[in-house]
Amino acid sequence: MDENRLYDDLAHLYPLIAGPEAYAREAEVWKQILREKLGPGRHRILELGVGGGFNLSHFTAEYDAVAVDLSPKMVANSMRLNPDVPHSVGDMRTVRLNQTFKAVLIHDAICYLTTEDDLRQTFETVNLHLETGGVVIAAPDWYKETFIDGQVRHNTMRAGDTLLTHIEYEYDSDPDDTKNDMILLYFIRQGKALRIEQDHHILGLFPAETWLRIIKACGFIVERRLCCVHEDGREAWALVGVKTG
């Protein structure tokens with residue numbers, strides 16, 4: 001089965017997967033954290049792994065944003081939604097913009113880091129792009145302690161004559177490694193025609209202690225914030241770090 005098709009040949013479906021409204025509650029929690037940590041002002045922020053730009057769209061009225069994503073097609077999706085935001089194609093582990101920001105945001109793109117070295121490289125990148133006292137917020141979907149093996153999620157949205165039903169199935173085939181798998185099915189109806197596509201994503205799955213240890217080692221005071229904003233009621237924790245020097 002081909003991997004990560006949602007960010008490649010199926011990227012045109014992304015605006016039908018959820019939409020900005022699915023990120024609204026969580027974005028409000030994140031904005032409250034930024035206001036608490038940074039104080040008032042129109043601060044400069046960077047989102048790494050911007051994806052389709054749904055999360056970012058909730059920040060642009062209050063902050064001056066810059067966005068990066070590994071997928072050119074996802075960058076194109078985000079640019080359509082956030083046309084005033086400068087975008088770049090780049091890997092969050094290695095990108096160097098030669099700019100600094102008050103905050104760096106990494107939403108569910110953080111889930112695609114599958115080794116401790118990936119985590120270390122990413123938070124070193126974050127450190128290089130933050131001013132002293134700047135804030136990073138990241139949101140792994142799961143920790144080893146919270147993962148629900150066999151979790152299923154689904155959604156249906158319409159745009160014009162296209163009706164998309166999207167199903168996600170997550171499982172952990174090897175509890176001793178730092179990965180889990182997500183299988184996605186897309187039921188695409190256009191008029192009387194139905195097309196079914198499959199997709200496979202390999203995601204990272206780490207204990208909370210691993211996240212906290214590595215972020216701290218990269219130069220941050222770090223904490224976890226309870227952030228239960230998902231409709232399925234699953235336990236969720238945001239990672240919040242402040243650059244120390």
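User: Which strands does helix H4 lie across?
Analyst: This is a predicted model, to be clear. In it, H4 (residues 116-128) lies across S1 (44-48), S4, S5, S10 and S11 (237-243). Its direction runs at about 140° to that of S5.
User: OK, and what's the strand order in the sheet?
Analyst: The order is S3-S2-S1-S4-S5-S11-S10, an open sheet of 7 strands with mixed pairing. S3 (87-89) and S10 (220-226) are the edge strands, each pairing on one side only. From one strand to the next, the twist averages 20°.
User: In which sense do S4 and S5 pair?
Analyst: Parallel, over 5 bridges between residues 101-106 of S4 and 130-138 of S5. Val 104 stands opposite Val 136 in S5.
User: And which strands does H3 touch?
Analyst: H3 (residues 72-81) packs on the sheet and touches S2 (64-69) and S3. The direction of H3 makes about 170° with that of S3.
User: Switching to H5: which residues are buried there?
Analyst: In H5 (residues 208-217), they're Ala 208, Thr 210, Trp 211, Ile 214 and Ile 215. Looking down the helix axis, these fall within an arc of 160°, so they line one face of H5.
User: What do they pack against?
Analyst: The buried residues of H5 pack against H4, S10 and S11.
User: And which exposed residues sit on the face turned away?
Analyst: Lys 216 and Ala 217 are the exposed ones on that face of H5. Just after the helix, Gly 219 has a positive phi of about 105°.

Note on methods: Residues numbered from 1 in each chain as written. Predicted model: local features only at pLDDT ≥ 70, side-chain atom pairs only at ≥ 80, totals over all residues. Heavy atoms only, no water. Pairing = 2+ DSSP bridges. Helix = DSSP H or I, 4+ residues; strand = E, 2+ residues; numbered from the N terminus. Axes fitted to C-alpha atoms, helices over the stretch in contact; angles between N-to-C directions. Contact = heavy atoms within 4.5 Å. Buried < 20%, exposed > 50% of the residue type's maximum accessible area, 1.4 Å probe, protein only. Arc of directions from axis to C-beta.
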